[in-house]
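Work through the exercises below with the sequence and the model in view. Try each task before reading its solution.

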Amino acid sequence: MGGDDELYFNKEGMTHPLVILTYIIGAGELLLAMYFLKTNSGVTIRKVMSLLCASTGAWVVTSAFVAYKPNSILVDTIGNFVFFGGLMLLTTLVWLVFIYPNPIVRFDALHVILLYVPVAIFTVILFTTKTILAGTIADANSVGVTIPGPVYWIYNAYHLVLYTVAVSVLIFKSQRYSGYNKRNILIILAALILGGLPGVFLDLIAPFFNLYNVNYLYGNLASVFWLGGVTYILISKSDV
């Protein structure tokens, strides 16, 4: 990085209203992670929720950090953490919907390990090669454009699979439960659709159609809806 650090702390980017709001939401999600970790009382769902909040908060905060900043070694490195955070949050979301309110199939430690094997594989590829994230193009007037590597499309497709699985499991469970549990499942499903679709479109679908000139921060901001819905249910239900 140069003497002025390649303007990676440029005032225009750091003070952009969307960036500030994204930082605030991300900080709130990280605080929620600490809350669920502190109050888990050995309950698996709260531990999973803590990991979900932490990975979402990390994804949101790192996305805000690289927004409107020109390419540099630091921006490239933090950009890798953006991609890692996104993969972690969707994987953990799948874990959560499989076990809430009760597992629909056996889901022990081995299944959890197998669930995160793709995360480990993609993480190694992400931080040791440029085949997923080749780089970014951004400045004070542009939030940023991803330069995809050849594995980027596989990485994106896997995200779409995770999101589809999460939604499908919730739809399936909504038909098997009734009363209080059914209501909560439908709340989570609605929150996941409302809060997840902006990110799915801006981060996963738009690149397939070469629509890179979109502001991905709106996808980060929308995370407050689905995370808020799940948080409301878990906080209001004392035995979870």
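**Exercise 1: one histidine**

His-159 lies in helix H6. The model is a predicted one. Decide whether His-159 is buried or exposed, and find which residues it is in contact with beyond its neighbours within four places in sequence.

Solution.
1. The relative accessible area of His-159 is 4%.
2. Buried means under 20% relative accessible area, so His-159 is buried.
3. With the neighbours within four places in sequence set aside, His-159 is in contact with Phe-83, Gly-86, Leu-87, Leu-90 and Leu-204.

**Exercise 2: the packing of H6 and H7**

Describe how helix H6 packs with helix H7.

Solution.
1. Two packed helices are described by the angle between their axes and the distance between the axes.
2. For H6 (residues 152-176) and H7 (residues 179-205), the angle is about 165 degrees and the axes are 9 Å apart.
3. Angles over 145 degrees count as roughly antiparallel, and H6 and H7 are therefore roughly antiparallel to each other.
4. The crossing of H6 with H7 is left-handed.
5. Sorted by class, the residues of this contact are 17 nonpolar, five polar and three charged.

**Exercise 3: the packing of H2 and H8**

Repeat the description for helix H2 and helix H8, and state which residues meet.

Solution.
1. H2 covers residues 17-38 and H8 covers residues 217-236.
2. They pack at an angle of about 30 degrees, with axes 10 Å apart.
3. Angles under 35 degrees count as roughly parallel, so H2 and H8 are roughly parallel to each other.
4. H2 and H8 cross in a left-handed way.
5. On the H2 side the residues are Leu-18, Val-19, Leu-21, Thr-22, Ile-25, Glu-29, Leu-32, Tyr-35 and Phe-36. The H8 residues they meet include Leu-217, Tyr-218, Leu-221, Val-224 and Leu-227.
6. The contact of H2 with H8 has 14 nonpolar residues, four polar and one charged.

**Exercise 4: the whole chain**

State which elements the protein chain has and in what order they run, then judge how compact the chain is.

Solution.
1. The protein chain has eight helices and two strands.
2. Starting at the N terminus, the order is α-α-α-α-α-β-β-α-α-α.
3. The radius of gyration is 18 Å, close to the 18 Å that the globule rule gives for 240 residues, so the chain is as compact as a globular protein of that length.
4. The C-alpha trace spans about 60 × 35 × 30 Å along its principal axes.
5. Of the 240 residues, 50% are buried.

Terms used
Residues are numbered from 1 along each chain as its sequence is written. This is a predicted model: local features need pLDDT of at least 70, side-chain atom pairs count only at pLDDT 80 or more; totals for chains, interfaces and linings use all residues. Side-chain values use heavy atoms; hydrogens and water are left out. Axes are lines fitted to C-alpha atoms, for helices over the stretch in contact, and angles run from 0 to 180 degrees between N-to-C directions. Helices (H or I, at least four residues) and strands (E, at least two) are DSSP runs, numbered from the N terminus. Angles under 35 degrees count as roughly parallel, over 145 as roughly antiparallel, 65 to 115 as roughly perpendicular and the rest as oblique. A crossing is left-handed if the near helix is turned anticlockwise from the far one by less than a right angle, and right-handed if clockwise. Contact means heavy atoms within 4.5 Å. Ala, Val, Leu, Ile, Met, Phe, Trp, Tyr, Cys and Pro count as nonpolar, Asp, Glu, Lys and Arg as charged, and the others, Gly among them, as polar. The radius of gyration is taken over C-alpha atoms; the globule rule is 2.2 Å times the number of residues to the power 0.38. Buried means under 20% relative accessible area, exposed over 50%, partly exposed in between (1.4 Å probe, protein chains only).
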